[in-house]
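Subject: A structure for you to look at

Hello,

I am handing over the structure we talked about, and I hope you enjoy looking through it. Please open it first, and then read on for what was found.

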Amino acid sequence: MKKLTLLVALFVIACTSAFAQITREQSVAEWKRAKAYSKAYLDAMPADGYTFKATPEVRTFAQQFLHLADATYYFITSASGKPSPIGKVSVEKTVAQTKDATTKAVLDSYDFAIATIEGMSDADMQQMASAEGMKATKGLILAKAFEHQTHHRGQTTVYLRLKGVTPPGEMLF
């Protein structure tokens with residue numbers, strides 16, 4: 001059992017390290033793809049679905065994406081040290097949950113991420129920074145930001161289906 005646990009731990013570390021080694025250029029390309037994918041989701045939801053909740057306990061469709069934007073600003077500023085263009089404002093708490101306002105706020109967060117990463121070097125990606133009280137390479141923090149936005153976009157698949165909308169097809173490449 002100990003050998004299996006060690007093997008799994010080493011595999012996770014290797015995978016995390018490999019992902020953290022992504023180049024700046026690759027990271028920019030992935031964020032551009034993610035922006036297009038998120039826009040396809042935002043475009044797919046009818047305007048009247050932006051305030052829709054799958055259950056009473058969860059965020060609305062708009063809040064899912066606005067939360068995604070807030071976290072993107074947080075993680076990108078943590079990794080880069082560059083100040084957020086929205087300051088300490090939460091878009092989830094301040095942006096109207098309309099199709100136009102939500103789409104603009106979310107795409108703006110992707111533009112900030114892309115421009116900031118474009119301004120970094122591959123060497124910058126290997127430097128240490130802090131996010132969520134943890135120290136990690138800037139590249140790994142960017143990877144966590146990417147994981148977070150993917151998670152919340154993925155949650156909205158259910159929202160679209162419950163509104164009778166077919167979600168956009170997978171955009172892996």
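Let me begin with the chain as a whole. Of its 173 residues, 43% are buried, where buried means under 20% relative accessible area, exposed means over 50%, and partly exposed is in between (1.4 Å probe, protein chains only). Please keep in mind that this is a predicted model: local features need pLDDT of at least 70, side-chain atom pairs count only at pLDDT 80 or more, and totals for chains, interfaces and linings use all residues. Residues are numbered from 1 along each chain as its sequence is written, and side-chain values use heavy atoms, with hydrogens and water left out.

The chain has seven helices and two strands, and these follow the order α-α-α-α-α-α-β-β-α along the sequence. Helices (H or I, at least four residues) and strands (E, at least two) are DSSP runs, numbered from the N terminus. About 9400 Å² of the chain is accessible surface, and carbon and sulfur atoms account for 62% of that; the areas come from the Shrake-Rupley method with a 1.4 Å probe, and for residues only the protein chains shown count as cover. If you take the contacts (heavy atoms within 4.5 Å) between residues at least 6 apart in sequence, 75% of them join residues at least 24 apart.

Next, a pair of helices. Helix H3 (residues 61-80) and helix H7 (residues 138-162) have axes that come within 9 Å and cross at roughly 175°. H3 is therefore roughly antiparallel to H7; angles under 35 degrees count as roughly parallel, over 145 as roughly antiparallel, 65 to 115 as roughly perpendicular and the rest as oblique. The axes are lines fitted to C-alpha atoms, for helices over the stretch in contact, and angles run from 0 to 180 degrees between N-to-C directions.

His-67 is a residue of helix H3. His-67 counts as buried because its relative accessibility is 18%. Leaving aside residues up to four places away in sequence, His-67 touches Arg-59, Glu-92, His-148 and His-152.

Helix H2 (residues 24-44) holds Ser-38, which is buried at 0% relative accessibility. Beyond residues up to four places away in sequence, the contacts of Ser-38 are Phe-65, Tyr-110, Gln-149 and Arg-153.

Now for the strands. S1 (residues 128-131) and S2 (residues 134-137) run antiparallel and are joined by four bridges; two strands pair if DSSP finds at least two bridges between them.

Is Met-128 buried or exposed? Met-128, in strand S1, is exposed, with a relative accessible area of 53%. Apart from residues up to four places away in sequence, Met-128 touches Lys-135, Ala-136, Thr-137 and Lys-138.

Finally, have a look at Pro-168, in the segment after H7. Pro-168 counts as buried, at 18% relative accessibility. Again not counting residues up to four places away in sequence, Pro-168 touches Tyr-37, Ala-40, Tyr-41, Ala-44 and Leu-160. Between Pro-168 and Thr-157, 11 residues apart in sequence, the C-alpha to C-alpha distance is 8.8 Å.

Best wishes
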